Amino acid sequence: MAAGPGIRHPGMVPAKKAIEIVLAGAGPSEAETVALKAAHGRVLADDLISLRTQPPFPASAMDGYAVNHAGMIEAKHVLEMIGEAAAGHPFEGSMEPHQCVRIFTGAPVPDGADTIVIQENATQEGNRITVETPPDSGKFVRPAGLDFREGDVLLPKDTVIDPQRLALAASMNHPMVPVYRRPIVAVLSTGDELVLPGQEAGPGQIIASNTFGVAAIAESAGANILDLGIARDTIEHLTACFNNALEKGTDLIVTTGGASVGDHDLVKPVMESLGFEFIFIKVAMRPGKPVLFAERKTDGKAVRLLGLPGNPVSSLVCSHIFLKPLIRLLGGYPADTIKPAKARLTTSLPSNDERQDHLRAIAKRTEAGELTVDAFDRQDSSMLATLSNANCLLIRPVNAPAASEGETVDIILLRDL
Ligand code: AMP
Ligand code: MG
(Lines give C-alpha, C1' and ligand atoms only; values in the text may rest on other atoms or scores of the structure.)
(Ligands and ions follow the chains in the order given, each with its own letter.)
Protein backbone atom coordinates (compact mmCIF):
# COMPACT_ATOMS: atom_id res chain seq x y z
CA MET A 1 0.00 0.00 0.00
CA ALA A 2 2.11 2.93 -1.19
CA ALA A 3 1.53 6.50 -0.13
CA GLY A 4 -1.18 7.39 -2.65
CA PRO A 5 -2.09 10.78 -4.05
CA GLY A 6 -4.95 11.04 -1.55
CA ILE A 7 -2.58 11.64 1.35
CA ARG A 8 -2.10 15.34 2.08
CA HIS A 9 1.38 14.91 3.59
CA PRO A 10 2.77 11.72 2.04
CA GLY A 11 6.02 10.32 3.33
CA MET A 12 7.37 10.59 6.83
CA VAL A 13 6.25 13.74 8.65
CA PRO A 14 8.53 15.19 11.36
CA ALA A 15 7.05 14.67 14.83
CA LYS A 16 6.75 18.39 15.59
CA LYS A 17 4.96 19.06 12.31
CA ALA A 18 2.67 16.06 12.86
CA ILE A 19 1.62 17.48 16.25
CA GLU A 20 0.94 20.89 14.64
CA ILE A 21 -1.17 19.24 11.94
CA VAL A 22 -3.20 17.24 14.44
CA LEU A 23 -3.89 20.30 16.59
CA ALA A 24 -4.53 22.78 13.75
CA GLY A 25 -8.19 23.63 13.48
CA ALA A 26 -9.12 21.68 16.62
CA GLY A 27 -11.41 23.80 18.74
CA PRO A 28 -14.10 23.29 21.34
CA SER A 29 -17.37 21.57 20.61
CA GLU A 30 -20.68 23.31 21.22
CA ALA A 31 -21.86 24.30 24.70
CA GLU A 32 -24.04 22.33 27.07
CA THR A 33 -25.48 23.33 30.40
CA VAL A 34 -24.57 21.18 33.38
CA ALA A 35 -25.32 21.19 37.08
CA LEU A 36 -22.73 23.15 39.01
CA LYS A 37 -21.39 20.04 40.78
CA ALA A 38 -20.67 18.41 37.43
CA ALA A 39 -18.76 21.45 36.17
CA HIS A 40 -15.57 20.80 38.13
CA GLY A 41 -12.67 20.59 35.67
CA ARG A 42 -14.79 21.71 32.71
CA VAL A 43 -14.31 24.87 30.62
CA LEU A 44 -16.82 27.74 30.61
CA ALA A 45 -18.45 28.20 27.22
CA ASP A 46 -19.75 31.68 28.10
CA ASP A 47 -19.00 34.56 30.48
CA LEU A 48 -20.43 33.89 33.92
CA ILE A 49 -22.04 37.04 35.27
CA SER A 50 -22.84 37.43 38.93
CA LEU A 51 -26.56 37.28 39.71
CA ARG A 52 -25.96 38.66 43.22
CA THR A 53 -24.04 41.26 45.16
CA GLN A 54 -21.91 39.67 47.85
CA PRO A 55 -22.26 40.39 50.66
CA PRO A 56 -25.77 41.58 49.80
CA PHE A 57 -25.85 43.81 52.92
CA PRO A 58 -23.22 45.38 55.20
CA ALA A 59 -22.23 42.43 57.38
CA SER A 60 -20.34 41.98 60.60
CA ALA A 61 -16.94 40.35 60.32
CA MET A 62 -16.75 39.57 64.05
CA ASP A 63 -18.75 38.66 67.14
CA GLY A 64 -19.35 41.77 69.27
CA TYR A 65 -21.56 44.86 69.32
CA ALA A 66 -22.80 46.97 66.40
CA VAL A 67 -22.40 50.63 67.32
CA ASN A 68 -22.68 54.08 65.78
CA HIS A 69 -19.12 55.38 66.05
CA ALA A 70 -19.94 59.07 66.60
CA GLY A 71 -22.76 58.14 69.03
CA MET A 72 -20.40 55.91 71.02
CA ILE A 73 -17.90 58.78 71.45
CA GLU A 74 -20.68 61.14 72.47
CA ALA A 75 -22.07 58.63 75.00
CA LYS A 76 -18.58 58.29 76.49
CA HIS A 77 -18.35 54.63 75.49
CA VAL A 78 -21.37 53.52 77.51
CA LEU A 79 -24.22 52.18 75.36
CA GLU A 80 -27.63 50.61 75.81
CA MET A 81 -27.97 47.21 74.16
CA ILE A 82 -31.41 46.90 72.54
CA GLY A 83 -31.36 43.60 70.70
CA GLU A 84 -29.45 40.98 68.77
CA ALA A 85 -28.47 40.24 65.16
CA ALA A 86 -27.16 36.80 64.17
CA ALA A 87 -26.33 35.28 60.78
CA GLY A 88 -29.65 34.73 59.03
CA HIS A 89 -31.51 36.65 61.78
CA PRO A 90 -31.30 40.42 61.20
CA PHE A 91 -32.17 42.91 63.92
CA GLU A 92 -35.52 44.29 62.83
CA GLY A 93 -35.73 47.59 64.73
CA SER A 94 -33.77 50.78 64.38
CA MET A 95 -30.90 51.88 66.57
CA GLU A 96 -30.29 55.32 68.12
CA PRO A 97 -26.70 56.68 68.32
CA HIS A 98 -26.29 55.93 72.05
CA GLN A 99 -27.55 52.37 71.60
CA CYS A 100 -25.95 49.16 70.34
CA VAL A 101 -26.96 45.71 69.14
CA ARG A 102 -25.34 42.40 70.09
CA ILE A 103 -24.06 41.03 66.78
CA PHE A 104 -22.45 37.85 65.44
CA THR A 105 -20.27 37.13 62.41
CA GLY A 106 -22.22 37.22 59.14
CA ALA A 107 -25.20 39.12 60.57
CA PRO A 108 -26.46 42.24 58.78
CA VAL A 109 -25.26 45.42 60.50
CA PRO A 110 -28.44 47.18 61.76
CA ASP A 111 -29.55 50.53 60.34
CA GLY A 112 -27.89 53.30 62.30
CA ALA A 113 -24.76 51.24 63.14
CA ASP A 114 -21.48 51.66 61.26
CA THR A 115 -18.83 49.94 63.39
CA ILE A 116 -18.34 46.67 65.27
CA VAL A 117 -16.79 46.58 68.73
CA ILE A 118 -15.39 43.08 69.19
CA GLN A 119 -16.69 41.34 72.30
CA GLU A 120 -13.20 41.11 73.87
CA ASN A 121 -13.09 44.94 73.94
CA ALA A 122 -16.37 45.50 75.79
CA THR A 123 -17.95 44.55 79.10
CA GLN A 124 -21.62 43.84 79.67
CA GLU A 125 -23.76 44.44 82.73
CA GLY A 126 -27.37 43.68 81.93
CA ASN A 127 -28.17 45.91 78.95
CA ARG A 128 -25.33 48.29 79.70
CA ILE A 129 -22.32 47.87 77.44
CA THR A 130 -19.06 49.63 78.21
CA VAL A 131 -16.61 49.87 75.37
CA GLU A 132 -13.15 49.47 76.89
CA THR A 133 -11.10 49.87 73.73
CA PRO A 134 -12.95 51.83 71.04
CA PRO A 135 -12.22 50.74 67.45
CA ASP A 136 -11.70 53.01 64.46
CA SER A 137 -14.87 54.08 62.70
CA GLY A 138 -16.13 51.42 60.24
CA LYS A 139 -14.02 48.64 61.77
CA PHE A 140 -15.14 45.03 61.18
CA VAL A 141 -18.01 45.97 58.88
CA ARG A 142 -17.91 44.28 55.48
CA PRO A 143 -19.65 46.73 53.14
CA ALA A 144 -22.24 45.38 50.71
CA GLY A 145 -20.46 44.29 47.51
CA LEU A 146 -17.06 43.92 49.20
CA ASP A 147 -16.53 40.61 47.37
CA PHE A 148 -18.39 41.33 44.12
CA ARG A 149 -21.44 43.02 42.66
CA GLU A 150 -24.41 41.85 40.61
CA GLY A 151 -23.52 42.09 36.91
CA ASP A 152 -19.76 41.61 37.42
CA VAL A 153 -18.19 39.15 34.95
CA LEU A 154 -16.17 37.19 37.46
CA LEU A 155 -15.50 34.09 35.38
CA PRO A 156 -14.97 34.81 31.70
CA LYS A 157 -15.62 32.37 28.86
CA ASP A 158 -12.86 29.73 28.45
CA THR A 159 -12.02 29.67 32.16
CA VAL A 160 -11.22 26.19 33.49
CA ILE A 161 -13.40 25.60 36.54
CA ASP A 162 -11.21 24.59 39.48
CA PRO A 163 -12.55 24.10 43.02
CA GLN A 164 -12.10 27.80 43.89
CA ARG A 165 -14.01 28.93 40.79
CA LEU A 166 -16.70 26.34 41.45
CA ALA A 167 -17.30 27.88 44.87
CA LEU A 168 -17.33 31.37 43.34
CA ALA A 169 -19.90 30.31 40.71
CA ALA A 170 -22.07 28.96 43.54
CA SER A 171 -21.74 32.25 45.43
CA MET A 172 -22.76 34.08 42.23
CA ASN A 173 -25.98 32.01 42.46
CA HIS A 174 -25.55 29.78 39.40
CA PRO A 175 -27.03 26.31 39.91
CA MET A 176 -26.24 25.42 36.27
CA VAL A 177 -23.34 26.56 34.13
CA PRO A 178 -22.58 26.51 30.38
CA VAL A 179 -19.52 24.42 29.52
CA TYR A 180 -18.09 22.97 26.34
CA ARG A 181 -19.34 19.48 25.59
CA ARG A 182 -16.83 16.72 26.25
CA PRO A 183 -15.62 15.20 22.98
CA ILE A 184 -16.81 11.64 22.32
CA VAL A 185 -13.79 9.47 21.63
CA ALA A 186 -14.29 5.95 20.27
CA VAL A 187 -11.46 3.54 21.04
CA LEU A 188 -10.95 0.38 19.00
CA SER A 189 -8.30 -2.37 19.18
CA THR A 190 -7.65 -4.19 15.94
CA GLY A 191 -6.09 -7.60 15.47
CA ASP A 192 -7.04 -11.26 15.08
CA GLU A 193 -4.48 -12.14 17.76
CA LEU A 194 -6.23 -10.19 20.51
CA VAL A 195 -8.50 -11.30 23.33
CA LEU A 196 -9.71 -9.29 26.32
CA PRO A 197 -8.14 -9.70 29.76
CA GLY A 198 -9.79 -12.71 31.44
CA GLN A 199 -10.70 -14.41 28.17
CA GLU A 200 -8.94 -17.59 27.11
CA ALA A 201 -6.04 -16.87 24.75
CA GLY A 202 -5.83 -19.52 22.00
CA PRO A 203 -2.69 -20.44 20.06
CA GLY A 204 -0.86 -17.33 18.86
CA GLN A 205 -3.18 -15.01 20.77
CA ILE A 206 -2.26 -12.28 23.26
CA ILE A 207 -4.17 -10.04 25.61
CA ALA A 208 -5.30 -6.67 24.26
CA SER A 209 -3.72 -4.12 26.54
CA ASN A 210 -3.27 -0.92 24.59
CA THR A 211 -6.71 0.48 24.56
CA PHE A 212 -7.08 0.32 28.33
CA GLY A 213 -4.21 2.77 28.62
CA VAL A 214 -5.25 4.81 25.58
CA ALA A 215 -8.82 5.18 26.85
CA ALA A 216 -7.56 6.16 30.30
CA ILE A 217 -5.38 8.89 28.80
CA ALA A 218 -8.31 10.13 26.71
CA GLU A 219 -10.67 10.08 29.64
CA SER A 220 -8.32 11.96 31.93
CA ALA A 221 -7.86 14.55 29.18
CA GLY A 222 -11.62 15.16 29.27
CA ALA A 223 -13.20 12.77 26.75
CA ASN A 224 -16.29 10.61 27.03
CA ILE A 225 -15.16 7.18 25.90
CA LEU A 226 -17.02 4.88 23.56
CA ASP A 227 -15.34 1.48 23.97
CA LEU A 228 -15.63 -0.38 20.68
CA GLY A 229 -13.73 -3.47 21.88
CA ILE A 230 -11.67 -5.53 19.45
CA ALA A 231 -12.08 -5.54 15.67
CA ARG A 232 -11.01 -8.55 13.67
CA ASP A 233 -8.66 -7.98 10.75
CA THR A 234 -11.42 -8.07 8.13
CA ILE A 235 -12.84 -5.27 6.04
CA GLU A 236 -16.36 -6.21 7.08
CA HIS A 237 -15.80 -6.19 10.81
CA LEU A 238 -13.73 -2.99 10.78
CA THR A 239 -16.35 -1.26 8.62
CA ALA A 240 -19.09 -2.30 11.03
CA CYS A 241 -17.10 -1.02 14.04
CA PHE A 242 -16.40 2.34 12.39
CA ASN A 243 -20.00 2.75 11.27
CA ASN A 244 -21.13 2.07 14.81
CA ALA A 245 -18.81 4.84 16.06
CA LEU A 246 -20.00 7.29 13.40
CA GLU A 247 -23.68 6.61 14.14
CA LYS A 248 -23.06 7.41 17.80
CA GLY A 249 -21.83 10.93 17.04
CA THR A 250 -18.16 10.24 17.71
CA ASP A 251 -15.84 13.22 17.36
CA LEU A 252 -12.63 11.23 17.24
CA ILE A 253 -11.97 7.57 16.49
CA VAL A 254 -8.76 6.15 17.92
CA THR A 255 -7.55 2.78 16.68
CA THR A 256 -4.59 0.72 17.78
CA GLY A 257 -2.91 -1.70 15.41
CA GLY A 258 -3.50 -2.32 11.74
CA ALA A 259 -2.11 1.11 10.86
CA SER A 260 0.99 -0.09 9.11
CA VAL A 261 1.43 -1.29 5.54
CA GLY A 262 1.13 -5.08 6.03
CA ASP A 263 -1.50 -7.19 4.23
CA HIS A 264 -3.58 -7.26 7.41
CA ASP A 265 -3.36 -3.54 8.13
CA LEU A 266 -6.80 -2.47 7.04
CA VAL A 267 -7.53 0.73 8.95
CA LYS A 268 -6.52 3.01 6.09
CA PRO A 269 -8.41 1.33 3.21
CA VAL A 270 -11.54 0.91 5.31
CA MET A 271 -11.53 4.53 6.47
CA GLU A 272 -10.95 5.72 2.91
CA SER A 273 -13.99 3.76 1.82
CA LEU A 274 -15.96 5.62 4.52
CA GLY A 275 -14.95 8.98 3.07
CA PHE A 276 -12.02 9.91 5.32
CA GLU A 277 -9.23 11.98 3.82
CA PHE A 278 -5.78 10.97 4.99
CA ILE A 279 -3.54 13.78 6.15
CA PHE A 280 -0.48 11.76 7.10
CA ILE A 281 0.32 8.08 7.57
CA LYS A 282 3.86 8.03 8.96
CA VAL A 283 5.64 10.11 11.58
CA ALA A 284 9.39 10.38 12.05
CA MET A 285 9.32 9.29 15.68
CA ARG A 286 10.23 6.31 17.79
CA PRO A 287 8.34 4.52 19.12
CA GLY A 288 5.43 5.02 16.74
CA LYS A 289 6.28 5.32 13.07
CA PRO A 290 2.94 4.14 11.65
CA VAL A 291 0.60 6.87 12.91
CA LEU A 292 -2.39 7.74 10.76
CA PHE A 293 -4.32 10.95 10.88
CA ALA A 294 -7.46 11.44 8.80
CA GLU A 295 -10.56 13.61 8.78
CA ARG A 296 -14.06 13.53 7.39
CA LYS A 297 -16.17 16.65 7.24
CA THR A 298 -19.91 16.30 6.81
CA ASP A 299 -22.44 19.10 7.38
CA GLY A 300 -19.72 21.22 8.96
CA LYS A 301 -18.94 18.59 11.60
CA ALA A 302 -15.47 17.09 11.52
CA VAL A 303 -14.81 13.52 12.58
CA ARG A 304 -11.15 12.74 13.11
CA LEU A 305 -9.28 9.48 13.04
CA LEU A 306 -6.06 8.88 14.91
CA GLY A 307 -4.63 5.49 13.98
CA LEU A 308 -1.98 4.45 16.49
CA PRO A 309 0.52 1.61 16.15
CA GLY A 310 -0.34 -1.73 17.75
CA ASN A 311 2.77 -2.03 19.86
CA PRO A 312 1.67 -1.21 23.39
CA VAL A 313 4.41 1.28 24.20
CA SER A 314 4.04 3.04 20.84
CA SER A 315 0.31 3.44 21.26
CA LEU A 316 0.63 4.92 24.74
CA VAL A 317 3.51 7.23 23.87
CA CYS A 318 1.59 8.47 20.82
CA SER A 319 -1.48 8.98 23.00
CA HIS A 320 0.48 11.27 25.29
CA ILE A 321 1.92 13.16 22.34
CA PHE A 322 -1.04 13.44 19.94
CA LEU A 323 -4.22 12.29 21.60
CA LYS A 324 -4.06 14.12 24.91
CA PRO A 325 -3.40 17.60 23.48
CA LEU A 326 -6.01 17.04 20.76
CA ILE A 327 -8.67 16.12 23.31
CA ARG A 328 -7.73 19.10 25.44
CA LEU A 329 -8.38 21.43 22.50
CA LEU A 330 -11.64 19.69 21.58
CA GLY A 331 -12.76 20.19 25.18
CA GLY A 332 -11.95 23.92 25.03
CA TYR A 333 -8.87 23.78 27.27
CA PRO A 334 -5.96 26.13 26.58
CA ALA A 335 -3.46 24.83 24.03
CA ASP A 336 -0.41 24.84 26.24
CA THR A 337 -0.86 21.45 27.86
CA ILE A 338 2.30 19.66 26.69
CA LYS A 339 5.27 21.62 27.91
CA PRO A 340 8.37 19.48 28.20
CA ALA A 341 10.40 19.98 31.37
CA LYS A 342 14.18 20.30 31.42
CA ALA A 343 16.28 17.65 33.13
CA ARG A 344 19.97 16.94 33.46
CA LEU A 345 21.31 13.62 32.13
CA THR A 346 22.93 11.34 34.69
CA THR A 347 24.43 9.13 31.94
CA SER A 348 25.58 9.73 28.37
CA LEU A 349 23.43 8.98 25.32
CA PRO A 350 24.40 8.01 21.76
CA SER A 351 23.61 10.25 18.80
CA ASN A 352 20.13 10.00 17.28
CA ASP A 353 18.93 9.40 13.72
CA GLU A 354 16.18 11.05 11.66
CA ARG A 355 13.37 9.94 13.99
CA GLN A 356 12.57 11.87 17.17
CA ASP A 357 13.08 9.43 20.03
CA HIS A 358 11.01 9.12 23.20
CA LEU A 359 13.00 7.07 25.65
CA ARG A 360 11.39 5.58 28.72
CA ALA A 361 13.27 7.07 31.63
CA ILE A 362 13.27 7.86 35.32
CA ALA A 363 13.34 11.47 36.43
CA LYS A 364 14.22 12.50 39.96
CA ARG A 365 14.17 15.83 41.72
CA THR A 366 17.32 16.74 43.61
CA GLU A 367 17.17 18.51 46.96
CA ALA A 368 17.96 21.76 45.14
CA GLY A 369 14.79 21.21 43.07
CA GLU A 370 16.55 20.36 39.83
CA LEU A 371 15.41 17.42 37.69
CA THR A 372 17.79 14.66 36.66
CA VAL A 373 16.95 11.90 34.20
CA ASP A 374 18.23 8.44 33.36
CA ALA A 375 16.90 6.41 30.41
CA PHE A 376 16.39 2.63 30.54
CA ASP A 377 18.87 0.62 28.46
CA ARG A 378 16.25 -1.54 26.72
CA GLN A 379 13.66 0.42 24.74
CA ASP A 380 11.80 -2.28 22.73
CA SER A 381 8.34 -0.90 21.91
CA SER A 382 6.61 -4.09 23.01
CA MET A 383 7.83 -3.76 26.61
CA LEU A 384 5.02 -2.35 28.70
CA ALA A 385 6.63 -3.22 32.02
CA THR A 386 9.46 -0.77 31.28
CA LEU A 387 6.92 1.89 30.38
CA SER A 388 5.09 1.38 33.63
CA ASN A 389 8.40 1.65 35.54
CA ALA A 390 9.24 4.88 33.74
CA ASN A 391 7.93 8.17 35.07
CA CYS A 392 8.88 10.24 32.04
CA LEU A 393 9.79 10.16 28.36
CA LEU A 394 13.17 11.60 27.44
CA ILE A 395 13.00 13.35 24.07
CA ARG A 396 15.91 12.93 21.68
CA PRO A 397 15.45 15.37 18.79
CA VAL A 398 16.04 14.41 15.16
CA ASN A 399 19.76 13.91 14.43
CA ALA A 400 20.75 14.93 17.97
CA PRO A 401 24.51 14.52 18.50
CA ALA A 402 25.73 12.24 21.30
CA ALA A 403 24.97 13.76 24.70
CA SER A 404 27.17 13.50 27.77
CA GLU A 405 26.32 13.26 31.43
CA GLY A 406 25.28 16.64 32.83
CA GLU A 407 23.73 17.95 29.60
CA THR A 408 20.17 19.25 29.69
CA VAL A 409 17.42 17.44 27.78
CA ASP A 410 13.64 17.75 27.39
CA ILE A 411 11.40 15.29 29.18
CA ILE A 412 7.65 14.70 29.27
CA LEU A 413 6.56 13.71 32.76
CA LEU A 414 4.11 10.82 32.87
CA ARG A 415 3.37 11.18 36.57
CA ASP A 416 3.80 13.79 39.26
CA LEU A 417 7.14 13.50 41.00
P1 AMP B 1 0.03 -4.04 14.29
O2 AMP B 1 0.27 -2.56 14.35
O3 AMP B 1 -1.40 -4.40 14.15
O4 AMP B 1 0.91 -4.67 13.27
O5 AMP B 1 0.52 -4.57 15.69
C6 AMP B 1 1.86 -4.44 16.12
C7 AMP B 1 2.10 -5.27 17.35
O8 AMP B 1 1.30 -4.82 18.43
C9 AMP B 1 1.74 -6.74 17.17
O10 AMP B 1 2.71 -7.51 17.86
C11 AMP B 1 0.39 -6.84 17.83
O12 AMP B 1 0.12 -8.14 18.30
C13 AMP B 1 0.50 -5.87 18.96
N14 AMP B 1 -0.81 -5.32 19.31
C15 AMP B 1 -1.72 -4.80 18.47
N16 AMP B 1 -2.81 -4.36 19.11
C17 AMP B 1 -2.57 -4.61 20.42
C18 AMP B 1 -3.33 -4.39 21.60
N19 AMP B 1 -4.55 -3.83 21.60
N20 AMP B 1 -2.78 -4.77 22.79
C21 AMP B 1 -1.54 -5.33 22.82
N22 AMP B 1 -0.79 -5.56 21.73
C23 AMP B 1 -1.28 -5.23 20.54
MG1 MG C 1 -2.53 -6.00 13.72
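# Close-up views of a predicted model

View 1. An oxygen atom of ligand 1, in turn, has a backbone N or O atom of Gly258 at 2.8 Å. On its own, ligand 1 has 490 Å² of accessible area, and the protein covers 75% of that area.

**View 2. The open sheet with strand order 8-5-7-6-10-9.** Six strands make up this open sheet, in which the order is 8-5-7-6-10-9 and the pairing is mixed. Strand 8, residues 115-118, and strand 9, residues 122-125, are the edges, and because each has a single partner strand, one side of each is left without a neighbour in the sheet. From one strand to the next, the twist averages 40°.

**View 3. Neighbouring pairs within that sheet.** Strands of a sheet pair through backbone hydrogen bonds, in either a parallel or an antiparallel sense. Strand 6, residues 78-85, runs parallel to strand 7, residues 99-103, and the two are paired over four bridges; here Glu84 has Arg102 in strand 7 as its bridge partner. Strand 7 is also joined by four bridges to strand 5, residues 64-67, and these two strands run antiparallel, with Gly64 standing opposite Ile103 of strand 7. Strand 5 pairs in turn with strand 8, in the antiparallel sense and over four bridges, and in this pair the bridge partner of Val67 is Thr115 in strand 8.

**View 4. The open sheet with strand order 17-14-18-22-21-19.** This open sheet is again formed by six strands, whose order is 17-14-18-22-21-19 and whose pairing is mixed. Its edge strands are strand 17, residues 224-231, and strand 19, residues 277-280, each of which pairs on one side only. The twist in this sheet averages 20° from one strand to the next. Strand 21 and strand 22 run antiparallel and are joined by seven bridges, and Glu295 stands opposite Arg304, a residue of strand 22.

View 5. The peptide bond that runs from Gln54 to Pro55 is cis, with an omega near -10°, and Pro55 lies in the loop between strand 3, residues 48-49, and strand 4, residues 59-60. Arg286 and Pro287 are likewise joined by a cis peptide bond, for which omega is about -5°. Pro287 is found in the loop that lies between strand 20, residues 282-286, and strand 21, residues 292-298.

**View 6. Two aspartates with positive phi.** Asp158 has a phi near 75°, which is a positive value in a residue other than glycine, and its place is in the loop between strand 12, residues 153-155, and helix 3, residues 163-171. With a relative accessibility of 41%, Asp158 counts as partly exposed. Asp299 also has a positive phi, of about 50°, although it is not a glycine, and Asp299 is located in the loop between strand 21 and strand 22, residues 301-308. The relative accessible area of Asp299 is 83%, so this residue counts as exposed.

**View 7. Glu20 in helix 1, and Pro135.** Glu20 belongs to helix 1, which spans residues 15-23, and with a relative accessible area of 55% Glu20 is exposed. Between Glu20 and Pro135 the separation is 115 residues in sequence and, from C-alpha to C-alpha, 62 Å in space.

Terms used: Residues are numbered from 1 along each chain as its sequence is written. Chains are lettered from A and ligands numbered from 1 in the order in which they are written. This is a predicted model: local features need pLDDT of at least 70, side-chain atom pairs count only at pLDDT 80 or more; totals for chains, interfaces and linings use all residues. Side-chain values use heavy atoms; hydrogens and water are left out. A polar contact is a pair of N or O atoms within 3.5 Å; within protein, one must be able to donate a hydrogen and the other to accept it, and residues adjacent in sequence count only if both atoms are side-chain atoms. Accessible areas come from the Shrake-Rupley method with a 1.4 Å probe; for residues, only the protein chains shown count as cover. Two strands pair if DSSP finds at least two bridges between them. Axes are lines fitted to C-alpha atoms, for helices over the stretch in contact, and angles run from 0 to 180 degrees between N-to-C directions. Buried means under 20% relative accessible area, exposed over 50%, partly exposed in between (1.4 Å probe, protein chains only).
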